[in-house]
Every structure is written in structure tokens, then in C-alpha cells.
Amino acid sequence: MSSWVDVHAHLEGEEFAEDREEVIDRAQSAGVEIIVNAATSRRSAQKTLELVERYPSLYASVGIHPQEIGDELPDLSFLEEYAQREKVIAIGEVGLDYYWDKSYIDQQKEVFCQQIELAKKLSLPLIVHSRESHNDLWQIIKEKIGEEIVVWHCFSGNENILQEALSLPVYFSLGGVVTYPKATGLREVVKKIPLSRVLLETDAPYLPPQSRRGKRNEPAFLPETASFLAQLWDISLLALRERVWENFFLIFGRKVNFRYNS
Ligand SMILES: [Zn+2]
């Protein structure tokens, strides 16, 4: 059977209130053996922690998403405690987002930097989000990141950023967007990402792969994106799977109690 890991989903939200159990079962049936649920706020972190206790296949990352940041800076003290819990394997999702609201750019940067510091302090990888803010995000990462691993979720940067990022421990998590007919520019960049830096994600409930567009995304749809990418890179599905697991364990293995059998 195929075996995958979805490194970025949001199953704690209302979108899954009615059928979360079935969604997680369907993921298992589709071979998605591990799902990393990314919290975006304190409340979503609390719910995420409840879920990872209940479901063996779920792991968590905790952080404050840039869209959650307004005028007042959030109190991040809870994060340090949450981040040290069992099954919490990263700080995220964190970063910058100028798409919806540009009023709080300074606050977003400040909170992003604080969360980078926390990741450093706890030696945890960082899962980052960027929308219409790639240059600023990249500037901050270059200045602040030392040996910490960065997972750039739903990567949509250009080739310059990609080439620079390869000199740091940055990994690129790819999801449904690469399958969209209009994403030709992104595919050109994605083709150049070395397999040693690749992870796969759904970002469920958002950004489903092409055949499911307009519907709610879920981890069970990950194999569609995987097949698409294997073709794009002209490699076998097995080769892709093995690389993704290898990368996953390299990044998160310290806190993951799971063995992948090929
Ligand atoms: Zn996300």
C-alpha cells in the first residue's frame, strides 16, 4: 500500500466538525499515515492538542498565523508550554501575509521574529507561511535563521528565492496549487527543487488538487498531488514517497514515534 505524510493540514476547524473522524479514517485508507495539524491561534492550538491526543496519526505544530495578528501584540507565553508537549513537532504556522490586510505589517514581523526565537530556543523546526510577502519573509529568515530548519508551506516563491534558500536548511512543502492549470510559472520553479528538500501537504480544508477544486480539501486527496509531482519530476511514485519520508524524519524525527515501511 502507498504510504504518505501530509505535513500541513487544519483539521481542528469548523469545516470538519461534522465528520472529522471519517476524514481521518479516509486519510488512513488513502495511505496518509501521518498528518501534521498546523495551529494558527491559541484556540486552534488548544483544539489541535486535543486532537493529537485522540488520534495516533496526528501530530501538531503550534504558532500564531500572521492573519491572526492585529494592532495588539499577542501574548505568546502559552506557546512555549504547548511547544514542549508530546507530539508537538514544530512551531507554525507563522510568517507574513500581506494579501488580506497590510495594516499590521510591523506587528506581523515582530510576532514572526518572536516565534523564530522560540523555535531556536526549543530547537524545533519552523513552518512558515507567506502570501504576497515573500521578499520580507525571506529577508527575515536570512537574518534570523541559523541552524533551525524552515519548512516553507505552500511554497510559491520565485527562482531567485529558491536558489538562495537552498543554501540554508529550507524545505519546500508542496500542495494542490501545483496541479492548477494556470500555475505554469510555479511549476517551472518547482521542477528545480531538489528532491532532498521536498515535502507534501494538503493545507486541508483549503487548496484542493485540481480534480477536487471547489470542494473542501482533506488529507485523503494528497496522493493526487503526489502523482502529479512524480510526473512533473519524472520519477516513480515510490521514489518520491521514499524521499518525502526520509526528509520528514530528518526534520521532525526527534519527536515522531512512527516507522515507515516501504
Ligand atoms: Zn495552512
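Here are some numbered notes on this predicted model, working from the overall fold down to one strand residue.

1. Ground rules first. Numbering starts from 1 along each chain as its sequence is written. Because the model is predicted, local features need pLDDT of at least 70 and side-chain atom pairs count only at pLDDT 80 or more, while totals for chains, interfaces and linings use all residues.

2. Overall shape. Along the principal axes, the C-alpha atoms fill a box of roughly 45 × 40 × 35 Å.

3. Inventory. You'll find 9 helices and 8 strands; these are DSSP runs numbered from the N terminus, with helices being H or I of at least four residues and strands E of at least two.

4. The sheet. The 8 strands make an open sheet with parallel pairing, in the order β1-β2-β3-β4-β5-β6-β7-β8. Strands count as paired if DSSP finds at least two bridges between them. At the edges stand β1 (4–9) and β8 (198–200), each with a single partner strand, so one side of each has no neighbour in the sheet. From one strand to the next the twist averages 30°. Helix α2 (residues 42–54) packs on the sheet, touching β2 (32–38) and β3 (58–62), and its direction makes about 160° with that of β3. For such angles, axes are lines fitted to C-alpha atoms (for helices, over the stretch in contact), and the angles run from 0 to 180 degrees between N-to-C directions.

5. Around β5. Strand β4 (residues 88–97) and strand β5 (residues 126–131) run parallel, joined by 5 bridges. Ile-91 has Leu-126 as its bridge partner, and Asp-97 has Arg-131. On to strand β6 (residues 150–153), β5 has 3 bridges, again parallel, with Ile-127 partnered by Val-151. The β5 to β6 crossover goes through helix α5 (residues 134–144) and is right-handed. Right-handed here means that, with the strands pointing away from the viewer, the path from the first strand over the helix to the second runs clockwise. β4, helix α4 (residues 105–122) and β5 also form a right-handed β-α-β unit.

6. In β5, 5 of the 6 residues are buried, so the strand is largely enclosed by the rest of the structure. The largest nonpolar core has 75 residues, and Leu-126 and Val-151 have the most contacts inside it. Such a core is a set of buried Ala, Val, Leu, Ile, Met, Phe, Trp, Tyr and Cys residues joined through C-beta atoms within 7 Å.

7. Ser-173. This residue sits in strand β7 (residues 170–174). Ser-173 is buried, with 23 other C-beta atoms within 10 Å. His-8 is 165 residues away in sequence, yet 8.2 Å away C-alpha to C-alpha. Beyond four places in sequence, the contacts of Ser-173 include Val-7, His-8, Val-151 and Leu-199, a contact being C-beta atoms, placed from the backbone, within 7 Å.

Definitions and conventions: Buried ≥ 20, exposed ≤ 12 C-beta atoms within 10 Å, placed from the backbone. Contact = placed C-beta atoms within 7 Å.
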